[in-house]
Amino acid sequence: MKSRLPLSALSCVQSHIDRVEGPSAAYVAMVHVPKAWAVTILATLLLLHLFVPVNGASQYTTQVPWSTAPSGRSYHTATVVPSTPFMLVFGGRAVDGTALGDSWVYDILAQSWEKVSWSTGPYARYQHAAAAYGSQVIISGGRNATKYYTDAWRCSLMSGNSCTRLSGLEIPQSIFGHSLLLTKTGVVQVFGQQQDGTKLRSPRILPKYTTEAAVSSMTFSNLIETSLVPDRRAFSACAVFDSPMTILCFGGVDGTGQVLGDAWEFKPVSGGLQNEWEWSVLTAASKAPTPRYAAVSTAADNTLVLQGGVGSDVSTFLILPYL
């Protein structure tokens, strides 16, 4: 295990990957898969870029086209199901602005797509959030052109392609532009925006469950913030590091519409009470990424990989050394 630097020595340093041709798009979905970083770019066309370390360097390979594949979209989710080679892509906004409600599974090993049909399932939406939860995927919130959602669903690819609405996870106010993050202790929800424009921080956790039957009765619990906190925001790029367990978030847009360029870590308080977590702001040593929102990120070994978004200078693929 790599040793952790003291907080004062941590940095959020931007380093460009020189001479690498890669994707340039905002509102994409990025996920981490074994031995590669799979970046799903679904904008005006479908591209799947695999970002792979090769002999100490890095390069892109592009898998396109397929005879069967989802249509181009943005503001969708792409979630790798643990212990399987499958990535579930759900929803998003079509090029013409229409909300999509279709689900697709990408088989990482076979490099093929298959459309999934649910007997019941989430309604068409974009700007929602999703996270793996055991062998299932939790999908929550989001919006379309006329409706904002408060609902939550769990979808399984392992038991007859089924989706179940979870009444215990529904919230009084709609939410979109938020993050759902799988950690060792459960799924953490953080940040987001309500229909009236109110920005949120409101971290909550859905604890790990012991049996499949227990899922239907699970509810989110509020996390207790014990320290300095970041501004409320939406569309922040967040990712999870396992050792030690830490959530790292970059950027977003605040309640005044200002595009943010700060980085924060969020982790359980060492020796603290259950559900006590603390925020710490990270200061960049040099070349910090420019402010942006709706970027995507993933944790890969000891780095946060950040790409795209809305702001300035967002086409560069960035690596932020972290641990």
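A salt bridge here is a side-chain nitrogen of Lys or Arg within 4 Å of a carboxyl oxygen of Asp or Glu. By that rule, the structure holds 6 salt bridges. Before we look at some of them, a word on the ground rules. This is a predicted model, in which local features need pLDDT of at least 70 and side-chain atom pairs count only at pLDDT 80 or more, while totals for chains, interfaces and linings use all residues. Residues are numbered from 1 along each chain as its sequence is written, and side-chain values use heavy atoms, with hydrogens and water left out.

Let us start with Glu225 and Arg201, a salt bridge whose closest N and O atoms are 2.7 Å apart. This pair links distant parts of the chain, 24 residues apart: Glu225 sits in strand E20 (residues 224–225), and Arg201 in the loop between strand E17 (199–200) and strand E18 (204–207). Strands (E, at least two residues) and helices (H or I, at least four) are DSSP runs, numbered from the N terminus. How accessible are the two partners? We call a residue buried under 20% relative accessible area, exposed over 50%, and partly exposed in between, using a 1.4 Å probe and protein chains only. Glu225 has a relative accessible area of 27%, so it is partly exposed, whereas Arg201, at 11%, counts as buried.

Next come Asp262 and Arg233, with their closest N and O atoms 2.8 Å apart in a salt bridge. Again distant parts of the chain are linked, here 29 residues apart, with Asp262 in strand E23 (residues 259–268) and Arg233 in the loop between E20 and strand E21 (237–241). Asp262 counts as partly exposed because its relative accessibility is 22%, while Arg233 is buried at 1%. Another salt bridge joins the side chains of Lys267 and Glu265, at 3.7 Å from N to O. Glu265 is buried, with a relative accessible area of 1%.

Now for the covalent links. A disulfide is a covalent bond between the sulfur atoms of two cysteines. Here, a disulfide is counted when a pair of cysteine sulfur atoms lies within 2.5 Å, and the count comes to 2 disulfides. One of them joins Cys155 to Cys163, with an S to S distance of 2.0 Å. The torsion about this S-S bond is about 110 degrees, so the disulfide is right-handed. Cys155 and Cys163 are both buried.

Cys238 and Cys249 form a disulfide too, with sulfur atoms 2.1 Å apart. Its S-S torsion is about 115 degrees, so this disulfide is right-handed. Cys238 lies in strand E21 and Cys249 in strand E22 (residues 246–253), so the bond ties together parts that are 11 residues apart in sequence. Cys238 counts as buried at 10% relative accessibility, and Cys249 is buried at 2%. With the bonded cysteines of the chain numbered in sequence order, the pairing reads 1-2, 3-4.

On a 1 Å grid over the protein atoms alone, a cavity is a set of points where a 1.4 Å probe fits but cannot get out, and lining residues have an atom within 4 Å of a point. Grid points are joined across faces, edges and corners, and a volume is the space filled by probe spheres set on the points. The count comes to 1 cavity of 30 Å³ or more, and the largest cavity holds about 50 Å³ of space. Its lining residues include Ser140, Asp151, Leu169, Arg204 and Phe220.

Terms used: On a 1 Å grid over the protein atoms alone, a cavity is a set of points where a 1.4 Å probe fits but cannot get out, and a pocket is an open set with protein on both sides within 12 Å along at least five of seven lines; lining residues have an atom within 4 Å of a point.
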